[in-house]
Amino acid sequence: MKYGHFDDARKEYVIHTPQTPYPWINYLGNEKFFGLISNTGGGYAFYRDARLRRLTRYRYNNIPVDNGGRYFYVYDEGDYWTPGWMPVKKELDAYECRHGLGYTSITGERHGVKVNQLAFVPLGYNGEVHQVTVTNTSDQVKRIKLFSFVEFCLWNAYDDMTNFQRNLNTGEVEIQDSVIYHKTEYRERRNHYAFFSVNRPIDGFDTDRESFLGLYNGLDTPQVVTSGEPSNSVASGWSPVASHCLELTLQPGEQTSLNFVLGYVENEEADKWESPGIINKAPALAMIEQFATEEDVERSLAELKAYWERLLSTYAVASHDEKLNRMVNIWNPYQCMVTFNMSRSASYFESGIGRGMGFRDSNQDLLGFVHQVPERARERILDIASTQFESGGAYHQYQPLTKKGNHEVGGGFNDDPLWLIVGTAAYIKETGDFAILDEQVPFDCNPDNTATLFEHLKRSFYHVIENLGPHGLPLIGRADWNDCLNLNCFSNIPDEPYQTTQNIEGRTAESVFIAGLFVYTGPDFIELCRRKGLTEEAAEAQAHVDTMRAVTLEHGFDGEWFLRAYDHYGQKIGSQENEEGQIFIEPQGFCVMAGIGVKEGLAEKALNAVQDRLETPYGIVLQNPPYSKYYLNLGEISSYPPGYKENAGIFCHNNPWIMMAETVLGRGDRAFELYSKIAPAYLEDISDVHRTEPYVYAQMIAGKDAVRQGEAKNSWLTGTAAWNFVAITQSILGIQPDYDGLRVDPCIPADWTDFTVTRVFRGDTYVIRVSNPQQISKGIASIQLDGTAIDGNVLPVIGDGGTHQVEVVLGVKVALV
Ligand code: BGC
Ligand code: NOJ
């Protein structure tokens, strides 16, 4: 069942009912100021850090689930309602929500009044603009009152929901003209405040939550709105809110627009005050001034749209499959940009207070956005690398505001360092910027202890070699990619966090996954050594990679598939010998992507085993059979009921590894079948089962052993976005950035006849037309660049900033005698 439709021309998803199976959200903001907004107007805003600089309050795990946002209430002669349906839930005569790239437009109509709320964060602006357009669609004169509403968060979102003995006393506001200023804690150490304004004189206001709602009312029945009378309350402690009241008289057919701005301001210490106790409002007024008119909104929205057009134009496919086109051209890269901005911090499944930027996560996310914002990818790499330890190990996470490693979580996830090589290599392949390797980068954020980025990569590489276990495979440490396979945790105390507990020193448990990752990314490190003229280092690294490959074949293969790990006792995990958890997806993906066992025929066996044992109609489960009880030696993975999360859920993040592995074997039909099983646009028709947004990936879909098979959770912030983008754009459609040019090597379903990819690469535009006259999956018969045949399959960097026509014919290459 569908709840909306894709409007590809406008790059929007259009939602037809407020009662979607779960709140379907969107993100506003591209740089520093961000908002989350659902299809019913729920959500919140923050500046840079969802924990430390939260502007508006949001209650996670609320009842109902999505209650709280920037709401606009209509009071219409005794009747009152909200155009996004929530929170009042009065029946609407019409409803539509359009989520676009960086903006959301919600329209509701009732009893002859139509209200549209258009929300976006303008480029380079530290605030949200909400343009509210009210139309009288009746044939009577309408006299309505519009009440805006936001509830302020007292900045630190964690403190805000825990430290009530203090924070019910600190709230402070100022009201001047049509602007409500939130200045809690500004009197002391903060130099920032928030404001909520409207570009028209107001007829009343409220800033005290209790006065606005009534102590015993919810957001569905605020007493100010139900009575139609603002109380002009001034908050003092308790919970500051901002509500404007505007009386509007509209003739039949008349329409009027109001610009609301929810903004954030920082003042220099010397400029904090206008007069004692009165905040300096000049910067806020300047921001408000920028959105004085309807034209201001129009222009700014057009700029935002142009910005997205530019970003998305870097890679565009034209194929026979509209679902493929919309995923590749619009929604998948959009989700990649959101993960770039948010990492795993703030979504409807991540509270914004728990997790910062993951070392592993951010490097993988980079694979999906480096082509869109290479300069920002560069900065991200250097930020990530700065949190690395001298040993080559790494903090698992760092805070976006401070860019410092997170001590509470610490390090010890032994796959982490290698992802830095993966991320850096992707950046250099995209940009050709080898100079990044010479940047001086701190260890543990200490500016007095630095080394080149290349040295950091070397430490990453050797961190694996210096931490090998009894079989010569990499030690797993606290965990590898699978955060829940905690082989040194041994926790039997209820409140001990799995993610930070390591009760065993851990010099025996080994990971075949890290071995696969090492062999996969090792060649990148070797190539970078060569490019730097370090021939001996390259040879030495090559020897390590060769050994790891051999060790993996010897100790990492279990007859039909790759093993997952050896536990603390040296027992196999992910083996036929196990009763549960006999086969895991991760090593099958990464070992085959690394080319391990391909020529021996073992890779093919492994992927066939994945198909037999792990594949379901909704995607590939992480392992099988699921763990039916808690295993002390395995940790969190066995804490989940069967079929959920890492315990045999369909982890969408590593499904693309299998797609990519299939392309290594040339099996394009399989690769694409797997792609279309989990790509959200293909699941739109089963939105009632899938439940999360049909335009973005979720981290997990409940697996075949779960009670609620096929149901997704944790949409938006997941490495799934980046990896699926890589799988489809590089492995399947086959346009791969490489050090010296664009490699072309598609692996597609045999019955595809043709497709075209337009790729902007290092300033040039390549229009690559691929045709498939022999109906094969993989192999190139010929390539012509601007009419001339080229040798091999790498399109050179031309560098003239022009557009170049490329004709690729798939087929078996005919050798010229
Ligand atoms: C989840 C993992 C996640 C980890 C992060 C675990 O509870 O199952 O998917 O990576 O928490 O902290
Ligand atoms: C989510 C985490 O963000 C990611 O780092 C991890 O690899 C997966 N879960 C699997 O546990």
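A polar contact is a pair of N or O atoms within 3.5 Å; within protein, one atom must be able to donate a hydrogen and the other to accept it, and residues adjacent in sequence count only if both atoms are side-chain atoms. The structure is a predicted model, in which local features need pLDDT of at least 70 and side-chain atom pairs count only at pLDDT 80 or more, while totals for chains, interfaces and linings use all residues. Residues are numbered from 1 along each chain as its sequence is written, chains are lettered from A and ligands numbered from 1 in the order in which they are written, and side-chain values use heavy atoms, with hydrogens and water left out.

Ligand 1 is surrounded by Arg355, Asp483, Cys484, Gln499, Glu636, Tyr640, Lys645, Glu646, Phe651 and Gln699, where a residue counts as near if one of its heavy atoms lies within 4 Å of the molecule. This shell holds three nonpolar, two polar and five charged residues (nonpolar: Ala, Val, Leu, Ile, Met, Phe, Trp, Tyr, Cys and Pro; charged: Asp, Glu, Lys and Arg; polar: the others, Gly among them). Polar side-chain atoms lie 2.4 Å from an oxygen atom of ligand 1 in the case of glutamate 636, 2.6 Å in that of tyrosine 640 and 3.0 Å in that of lysine 645. Of the 310 Å² of accessible area that ligand 1 has on its own, the protein covers 80% (Shrake-Rupley method, 1.4 Å probe; for residues, only the protein chains shown count as cover).

The shell of ligand 2 consists of Arg344, Arg355, Arg360, Asp361, Trp481, Asn482, Asp483, Glu646, Phe651 and Gln699. By class, two of these residues are nonpolar, two polar and six charged. An oxygen atom of ligand 2 lies 2.6 Å from a polar side-chain atom of aspartate 361, and for glutamate 646 the corresponding distance is 2.5 Å. With aspartate 483, a polar backbone atom lies 3.0 Å from an oxygen atom of ligand 2. The protein covers 95% of the 300 Å² of accessible area that ligand 2 has on its own.

Serine 386 is buried, at 12% relative accessible area (buried is under 20%, with a 1.4 Å probe and protein chains only). A polar atom of its side chain lies 2.5 Å from the backbone oxygen of leucine 382. Beyond four places in sequence, serine 386 contacts Val441, Pro442, Phe443, Asp444 and Cys445 (heavy atoms within 4.5 Å).

How values were computed
Buried means under 20% relative accessible area, exposed over 50%, partly exposed in between (1.4 Å probe, protein chains only).
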